[in-house]
Amino acid sequence: MNGKVAKEDLDSRIFDTLNFILLVICTIVIVVPLWNVVISSFSSGRALAEGGFIFWSPEFSLENYRAVFNDSSIWQAFFISVSKTTIGVVTHVFFCAMVGYGLSKKYIRGRKLYVAMGVITMFFSGGMIPTYLLIKSLGLLNSFWVYIIPALFSFYDVVILMNFFRNVPDSLEESAKIDGAGDWHIFLKIFIPLSMPAMATIALFNGVGQWNDFMTTKLYITDQSLYPLQMMLYEIIVQSQTQSMQNIGGSAVIETTTKGVQLATIVITTLPIVLIYPILQRYFISGMMLGAVKE
């Protein structure tokens with residue numbers, strides 16, 4: 001008996017040790033490249049040209065960040081990114097919650113048909129060209145609302161919220177109706193507060209998608225005053241590649257300076273998500289556990 005317990009204890013220690021080693025390896029693989037990008041963004045053009053450093057730059061400089069913040073178009077792009085992410089997340093979550101609340105009621109006529117139509121859209125789409133023609137016919141080309149209106153609805157998020165609303169006890173809704181509450185009051189005062197974990201999870205995913213999206217700009221926007229940060233970063237990368245090709249065999253200072261500005265822009269565009277994620281982490285974890293445990 002003692003030998004069996006000792007063997008189980010040894011197996012547990014080996015398993016814990018292997019898990020720790022794997023965790024350390026994964027941490028190194030993830031953290032080291034991120035750290036190198038941050039350190040490189042604070043490096044001078046000469047240090048970037050010479051290269052050869054991973055954890056610490058031999059020559060620090062703030063010129064890359066000065067070049068970024070002195071560009072007025074960066075501030076405009078930052079405002080567009082924050083605006084489209086904030087408005088897009090709020091409208092998307094609220095719209096999907098309204099649809100999910102309606103489809104969660106069994107007495108709604110045609111509910112199965114609406115759900116079937118929504119599921120079909122999860123597997124099939126019109127394609128890029130029909131979507132472009134639709135956006136053009138709606139007058140959304142070169143408009144800020146092209147970031148908001150097409151992203152209002154996602155049936156995948158509707159399904160998540162719909163299933164969550166179904167788990168809300170019917171007694172809460174019945175007692176509210178006895179007290180004279182209407183559907184809007186019940187939805188806003190009961191279902192919305194109870195579904196905060198699910199809504200925060202959807203908001204986090206949608207917010208990251210909105211913040212990182214540049215294809216919408218590339219397809220539908222030609223007015224540079226409506227460019228978000230990600231599109232500005234894309235333009236910087238394209239310009240750096242063009243300058244690299246034009247300066248082959250020439251001075252390396254232009255290339256490395258552009259590379260430094262590119263790295264600084266990457267850090268600036270990533271920083272808001274890194275700061276916001278810990279705030280929503282507890283809701284995210286709760287949302288991921290939805291339906292995992294049943295009493």
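Modeller: Residues 20–38 are a place to begin: over this span the chain is 100% helix and 0% strand, and the C-alpha atoms at its ends lie 26 Å apart. Helices here are DSSP runs of H or I with at least four residues, strands are runs of E with at least two, and both are numbered from the N terminus. The model is a predicted one, in which local features need pLDDT of at least 70 and side-chain atom pairs count only at pLDDT 80 or more, while totals for chains, interfaces and linings use all residues. Residues are numbered from 1 along each chain as its sequence is written, and side-chain values use heavy atoms, with hydrogens and water left out.

The span 20–38 is one of those that an unreviewed UniProt entry annotates as "transmembrane region"; the entry also gives 74–101, 113–132, 144–165, 186–205 and 261–280. Such annotations may be inferred rather than shown by experiment, and their positions are given in the numbering used here, with feature names shortened. Residues 144–165 come out as 50% helix and 0% strand, with end C-alpha atoms 32 Å apart.

The protein chain as a whole has 13 helices and zero strands. Of its 295 residues, 33% count as buried, where buried means under 20% relative accessible area, exposed over 50%, and partly exposed in between (1.4 Å probe, protein chains only). Among contacts (heavy atoms within 4.5 Å) with a separation of 6 or more, 71% are between residues 24 or more positions apart.

Now to the rings. A pair of aromatic rings is described by the distance of the centres and the angle of the planes. The structure holds twelve aromatic pairs; rings of Phe, Tyr and Trp (its six-membered ring) pair if their centres lie within 6.5 Å, and planes under 30 degrees apart count as stacked, over 60 as edge-to-face and the rest as tilted. One of them joins Tyr101 and Phe165: the ring centres are 6.2 Å apart and the planes stand at 80°, so the pair is edge-to-face. This pair links distant parts of the chain, with Tyr101 in helix α4 (residues 72–103) and Phe165 in helix α7 (residues 155–166), 64 residues apart. Tyr101 is buried because its relative accessible area is 9%. Phe165 is buried too, because its relative accessibility is 2%.

Phe144 and Trp145 make up another edge-to-face pair, at 5.8 Å between centres and 75° between planes. Phe144 has 18% relative accessibility and therefore counts as buried, whereas Trp145, with a relative accessible area of 45%, is partly exposed.

Tyr101 and Phe165 also belong to one aromatic cluster together with Phe94, Trp184, Phe187 and Phe191. Tyr147 has a charge over its ring: Lys84 lies over the face, 5.1 Å from the ring centre. A charge is counted in this way if NZ of Lys or CZ of Arg is within 6 Å of the ring centre and within 35 degrees of the ring normal.

Asn142 belongs to the loop between α6 and α7. Most residues other than glycine have a negative phi, and most peptide bonds are trans. The phi of Asn142 is near 55°, a positive value. Asn142 is partly exposed, because its relative accessible area is 35%.

Phe42 counts as partly exposed because its relative accessibility is 28%. Leaving aside residues up to four places away in sequence, Phe42 touches Glu59, Phe60, Ser61, Leu62 and Tyr65. The C-alpha atom of Phe42 is separated by 9.6 Å from that of Val261, although the two residues are 219 apart along the chain.

Thr269 is in helix α13 (residues 253–288). Thr269 counts as buried because its relative accessibility is 3%. Its contacts beyond four places in sequence are Trp211, Leu229, Gln230 and Leu233.
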